[in-house]
Amino acid sequence: MSYSSKNKSQIELEAELFSCIATIDNISQSFADGILDPGMYRRQLRSLIRDAFKARFRLQKLGFNLDGFLDRESIVQKYPFGAEKLRFAEGVAPIPIGDNVETVAMPFQQMKNLPAKTADFVAGAIELIDLLRLRSVARIELIVPNLDDMEDILKAYPGFGPESDVVKEIINWKQMLETKPPDEVLEDGLIKRLEFEAVRWLNSFRRSLRGD
């Protein structure tokens, strides 16, 4: 289904978004518990973030209020992992790293090009942050393919390209990590640094969509 598919009511679109959040919550818990393998988690999260973006892109045109929706449906209480991922994707809640983390809201009203690729990059950044936060699964063999995906998207994305600062930083991280054994778990200092960078890349990506 394309982003220009037939019109749906706000209630129907909110139901789709609700379903995405609930399912993201379920797979996030399964991933954290070691029930869902990283490859399956990546595929499912990317698909769900795409579907959530489809609904949000169309809800934005209907005067949708995210906070009102979350409160009305008690989503944070019912689906804390799903609500967290949605708010990270939206850029409306800080990802706590250090004392201060800038947040940049996703400009859905300005998104006219490549919405699917936009969703994929956001999903990739969220998955990377998840891998790093869980620590025990922050292995080189899982982190590098994630960085590969993010690099490939940005190389072909308007406003970035192979010479952009973010792409160069991702490549530098890959080159450094590729010198280590694939099954090595990243040390705490590098985990914190890469998590900080992932948040910064995500904010830079959102900022570019706004034309800042």
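## Packing in a predicted helical model

V166 touches L154, F160, W201 and S204, leaving aside residues up to four places away in sequence; touching, or contact, means heavy atoms within 4.5 Å. This is a predicted model, in which local features need pLDDT of at least 70 and side-chain atom pairs count only at pLDDT 80 or more, while totals for chains, interfaces and linings use all residues. Residues are numbered from 1 along each chain as its sequence is written, and side-chain values use heavy atoms, with hydrogens and water left out.

V166 belongs to helix α8 (residues 165-177). Helices (H or I, at least four residues) are DSSP runs, numbered from the N terminus. With a relative accessibility of 8%, V166 counts as buried, a term for residues under 20% relative accessible area (1.4 Å probe, protein chains only). Its C-alpha atom is separated by 9.9 Å from that of A198, which is 32 residues away along the chain.

**Aromatic pairs**

The whole structure contains seven aromatic pairs. Rings of Phe, Tyr and Trp (its six-membered ring) pair if their centres lie within 6.5 Å; planes under 30 degrees apart count as stacked, over 60 as edge-to-face and the rest as tilted. Two of the pairs are set out below.

| Pair | Centre to centre | Angle between planes | Class |
|---|---|---|---|
| F31 and Y41 | 4.2 Å | 5° | stacked |
| F64 and F69 | 5.4 Å | 55° | tilted |

Why does the pair of F31 and Y41 tie together parts that are 10 residues apart in sequence? F31 lies in helix α1 (residues 10-32) and Y41 in helix α2 (residues 38-60), so the pair links these parts. F31 is buried at 5% relative accessibility, and Y41 is buried at 0%. Elsewhere, ring pairs join F121, Y157, F160 and F205 into a cluster.

**Nonpolar cores**

A nonpolar core is a set of buried Ala, Val, Leu, Ile, Met, Phe, Trp, Tyr and Cys residues joined through side-chain atoms within 4.5 Å. The largest one has 50 residues, of which I49, L128, I143, L186 and W201 touch the most other members. The elements that give two or more residues to this core are α1, α2, α5, α6, α7 (140-155), α8 and α9. Helix α6 gives the most, with 10 residues. Leaving aside residues up to four places away in sequence, I49 touches I24, A89, A119, A123 and I126. A second, separate core of 14 residues includes L17, A52, L66 and F69.

**Helix α5 and its surroundings**

In helix α5 (residues 80-90), the buried residues include G82, A83, K85, L86 and F88. The buried residues of α5 pack against α1, α2, α3 (66-72), α4 (75-78), α6 (115-134) and α9 (188-210). After α5 comes G91, whose phi is positive, near 75°.

**The crossing of α2 and α7**

Helices α2 and α7 pack at an angle of about 30°, with their axes 11 Å apart. Axes are lines fitted to C-alpha atoms, for helices over the stretch in contact, and angles run from 0 to 180 degrees between N-to-C directions. The two helices, α2 and α7, are therefore roughly parallel to each other, a description used for angles under 35 degrees. At this meeting, P38, R42 and R46 in α2 face L142, P145, N146 and D149 in α7 as contacts.

Key:
Angles under 35 degrees count as roughly parallel, over 145 as roughly antiparallel, 65 to 115 as roughly perpendicular and the rest as oblique.
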